[in-house]
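Reader: I'm new to this one. Can we go through it piece by piece?

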Amino acid sequence: MRFAFTKEEESFRKEVREFLQNALPNNWDGVAGNNLEEGASDKEWEFTLEMRKKLADKGWLTMAWPKEYGGQNASMMQQVIFAEEMTLARAPGRDGFGIRMLAPTLMIHGTEEQKTQYLPDIAKGYVQWCQGYSEPESGSDLASLQTRAIEDGDDFVINGTKVWTSSAHRADKMFILVRTNPEAPKHRGISFLLIDDMKSEGIKVNPIIDMAGRHNFNMVTFDNVRIPKKNLVGELNRGWYVGATLLDFERSGVEYSSRCMALLTELVEFAKNNKRGGVPISEDPNIKKEITEIYTEINVSRGMSYKIADMQSNGEVPNKESSMSKLFGTVLEQKVADLGMKILGLYGQLGPNSKHNKLKGKIEQEFLSTVSATIAAGTSEIQRGIIATRGLGLPKP
Amino acid sequence: MDLTLDETQQMLKNTAKDFFATECTETHVREMENDSNGYSKQLWEKIVNQGWLGVPFSEKYGGFGLSFLEFCILLEEAGRVLLPEPLFHTVILGGMPINIAGNDKQKEELLPKIISGESIATLAFHEEDDSIIPSAINCSATLSNNVYTINGTKMFVPFANISDLITVIARTGKKETDLSVFIIPSNANGVTISSLDTISSDKQSAISFENVQIPSSNLLGKENSGWEILEKIYSMAAIGKSCEMLGASEQVLEGTVEYAKTRTQFGRPIGSFGEIQRHCSEMATLVEGTRFVVYEAAWKLAENEDSKKEVAMAKSWTSDSHKKVCAISHQVHGGIGFTKEHWVQLYSRRAKAAEIAFGDGNYHRENLAKLLSL
C-alpha cells in the first residue's frame, strides 16, 4: 500500500501542468463557463480541436494505446494523472469517442485495412467521431435497438433514428449499432458499422437543446443511407459484443472528483472573499459544514477511481466498482453545483448572459447541465442494478 | 499510488480473519456483553500469543517492528467480528503514548509488558465537559518534592476496570494548553473506578483521583507538552476506530445481502425487489468509499506525514457511513433486525458508540474547516 505518487508520476504531473499553463490562455476558465466541451460555441470548438492536435503532438492522446499502434503503453496511474490535470485545468481536447472507444474496438475487431485507414487519423486528432447507440425507443434497454441495416449488393442500407448523439453536429464520422437480423434474439441480431461521412445523403442531424440552453445532444435520422460492406467491424450480427469491447485503458471516472474539486476550489475562494449580511459567506455554519462534507466526498470519489485504476493495473476487471464510481461521482457533481447555488444566493439564478451575474454565471450553467449527469451513460438506476445483481449477486428483478 | 496489500499485510489479514472467525463468534460477543470484566482472559491470551499487541512496536521491545498501518489491518478484522477484547485500547490508548512520548527507560520498562500481555493499559482523557479541547481538562497534577499529586474526575475511560496502567492527561499550569500526560497504576491509593452502563454494552468507567501520588518519573514527555501527545493519540484512535467500523460495515453488508437472497416474500427473494436492491447497492457504495479514505489516513499516520485533513475526512465520513450502513441493514431486515436475538443490533448499537468516540462527524468536519481556513 502506498497513498502517494512516485517521483516519476509527480514529474509527469508537473510536465502536464506546465504544458497546460502555456497552452491555455491566461485566466482560462473552461469552455462556455463549464466543463462540457461538447456544448461549446463554434469558436470554442475551434480551440478544442487546436488543443487536441497539441495533445496529439505530445503523444498524450494515445499514451494508453499499445506501442504497436504508436502508443506508449502508459501505466494506469499515468493515465489517471493526465485525466486529473486536464480536468482540474478545465482544458478541452481529449477525445472520448475516437481515442478511447473506437480505436480499442478496431485494434481488436478491425481488419488490417480498417486499422490502417482509421487509426492514424484518430491518433493525430484529425477526425471527430460520434457514437450512434441510443434510440427513441431504446434507452436503458439498448439491445432492443431498431435502426435497420439491410444488405444490398456491396452496401448496407440504413434506416432509423438515433438520439442523444453527443457532438453529432461536430462529427466527421460515426460508429453505429444497427439491427441486421430482426429474427434473432435481441443481442444477436446487431452489427457494428462505420459511417465515413456524416454529410452523406440521407443523414440528418437535428439539434436537441438541453435545459441549460446548450447544444450538445442531437437526434440523427437515417433515410436509405448507403455504406459499403467493408465498413462492418467484426462479424455480422455480433455487433453487440464488438461494441462491448474494452481494452485495458483507464476508465476510473477520476474526472468526477477533479471536476468537482476545480469547482469547489473556486467556490471556497468566492465564499471567503464575499460577504453576505456583513459576514464572509464561508463563515455561515451551514455553508461551512457543506463545504467540508463535499470536500470529503470528493476524496471518497477520488479513492473509488484510484481503486479502479489499481485493479486494472493488477490485471483485474472492474465491474461493480465502475458503477459505484459513476453513481457516487455524478451525484457529487450535482451536489457541488447545488452548493454553488447556496453560496451565490439569489445571484445563483443568473446565467452567463446577465451583466449582474457572479462567477460569470457558471453556477446556473453547472446546476442545469449536471441534471443529465445521473442519466447519461447509464442512469443511476441502471448502475444500482449492476451493483446489486452483478456485484452483490442479488437475483434479477 | 498502490492500493493493494503487500504480502506481509495480506498474510496478516488472512490470519486475523480466520482467527477471529473461529475465536470471536456471535455467542462470544453476547457473553462478553454480560461479563463483569467484559473480555475473556483465555481469548486475550491467544491474541497475545499471536504477537498482535506488538505489531506496531519495535522489535527492541518485543514487537513485530511493523507500522500503525499493519495494526489497522488487524483492527479492520477485529471490527468485522466486534471483538470485545481490548486490542484497540491496549495498543493505541495504552502503548502508543509511551511509544511516541516516553523516554528510553519508560519504553524499556512498559512496552514489553504491554506487548506480552502482562499489562493492560488505557487512556483517561474526557471529563465532565466532554469536549475535545484543552480547556475541558481540569484534572490537576501538582508537583512537589518529585511527586505529582493528581486530583479530579475522568469520564468514559474504556476498560479501566481491567487496566493496570492508566494514561492520564492533567493540568500542570495556568495556560490553556499547560497539560501533561502521566502513567498512573490503577491500584494507586486514591483511584476509584466505577463502571458506566453504555449503549454498546462495553466497559467504560468514571475514575476519580483523590490526592493520588505518583513519582515524577511517571511523567510522559515534557511537562506541559501533553496536548500535543494527546492530539497524536487521538488521531490514531480516530483512525483505529474507523478501521473497526470499516470491518463492521463490510460484515453488515455481507450479512444483509445474504438475508436479502434467502428471505422470501410475495413468493420471491426480497433481494429481487428494486427497493431492496437500491438499499444494498447504497450500502456497497458506502463501504467501497470508506476503504480508501480510512487507509489513506492510516498510511499517512504510519509514514509520519501530515495527515490532519485525511484523519478528519476519514473519521467524519466513516462515522456517518457506518451508521447509514447499519440503518439500511435494519430496514432490509424488517422486524427481526431490531430484536435482541438478532445480530444486526449488535452492530448498530456499537456503530453509534464508534461514531461518537474520538470525535463525531461534526467535530472532524469542524477540524477540516479549520484546516481549509474556512
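Reader: Is Val29(B) buried or exposed, or partly exposed?
Author: Val29(B) is partly exposed, because 18 other C-beta atoms lie within 10 Å. Buried takes 20 or more other C-beta atoms within 10 Å of the residue's own, exposed 12 or fewer, and partly exposed is in between; C-beta atoms are placed from the backbone. This is a predicted model: local features need pLDDT of at least 70, side-chain atom pairs count only at pLDDT 80 or more, and totals for chains, interfaces and linings use all residues. Residues are numbered from 1 along each chain as its sequence is written, while chains are lettered from A and ligands numbered from 1 in the order in which they are written.

Reader: Where is the place of Val29(B)?
Author: In helix H2 of chain B, residues 26-34. Helices (H or I, at least four residues) and strands (E, at least two) are DSSP runs, numbered from the N terminus.

Reader: Which residues is Val29(B) in contact with, leaving aside neighbours within four places in sequence?
Author: Cys24(B), Leu82(B), Pro84(B) and Leu346(B). Contact means C-beta atoms, placed from the backbone, within 7 Å. Glu85(B) is 56 residues apart from Val29(B) along the chain, and their C-alpha atoms are separated by 9.5 Å.

Reader: Switching to Gly30(A): buried or exposed?
Author: Gly30(A) is buried, since it has 22 other C-beta atoms within 10 Å. Gly30(A) sits in the loop between helix H1 (7-23) and helix H2 (42-58) of chain A.

Reader: Back to chain B. How many helices and strands are there?
Author: Chain B has eleven helices and ten strands. Its radius of gyration is 21 Å, close to the 21 Å from the globule rule for 374 residues, so chain B is as compact as a globular protein of that length. The radius is taken over C-alpha atoms, and the rule is 2.2 Å times the number of residues to the power 0.38. Buried residues make up 52% of the 374.

Reader: What about H9(B) and H10(B), at what angle do they cross?
Author: Helix H9 (residues 308-333) and helix H10 (residues 344-356) of chain B have axes that come within 9 Å and cross at roughly 160 degrees. That makes H9(B) roughly antiparallel to H10(B). Axes are lines fitted to C-alpha atoms, for helices over the stretch in contact, and angles run from 0 to 180 degrees between N-to-C directions. Under 35 degrees counts as roughly parallel, over 145 as roughly antiparallel, 65 to 115 as roughly perpendicular, and the rest as oblique.

Reader: Which residues make that contact?
Author: Among them are Ser319(B) and Cys326(B) of H9(B), with Tyr347(B) and Ala351(B) of H10(B). By class, the contact of H9(B) with H10(B) has five nonpolar, six polar and three charged residues. Ala, Val, Leu, Ile, Met, Phe, Trp, Tyr, Cys and Pro count as nonpolar, Asp, Glu, Lys and Arg as charged, and the others, Gly among them, as polar.

Reader: And H3(A) with H7(A), at what angle?
Author: Helix H3 (residues 76-88) and helix H7 (residues 254-273) of chain A cross at roughly 30 degrees, with axes that come within 8 Å. H3(A) is therefore roughly parallel to H7(A).

Reader: Last topic: how many residues does the contact take from chain A and chain B?
Author: It takes 37 residues from chain A and 38 residues from chain B. On the side of chain A that touches chain B, H8(A) gives the largest share, 14 residues. That side divides into 19 nonpolar, eight polar and ten charged residues.

Note on methods:
Contact = placed C-beta atoms within 7 Å.
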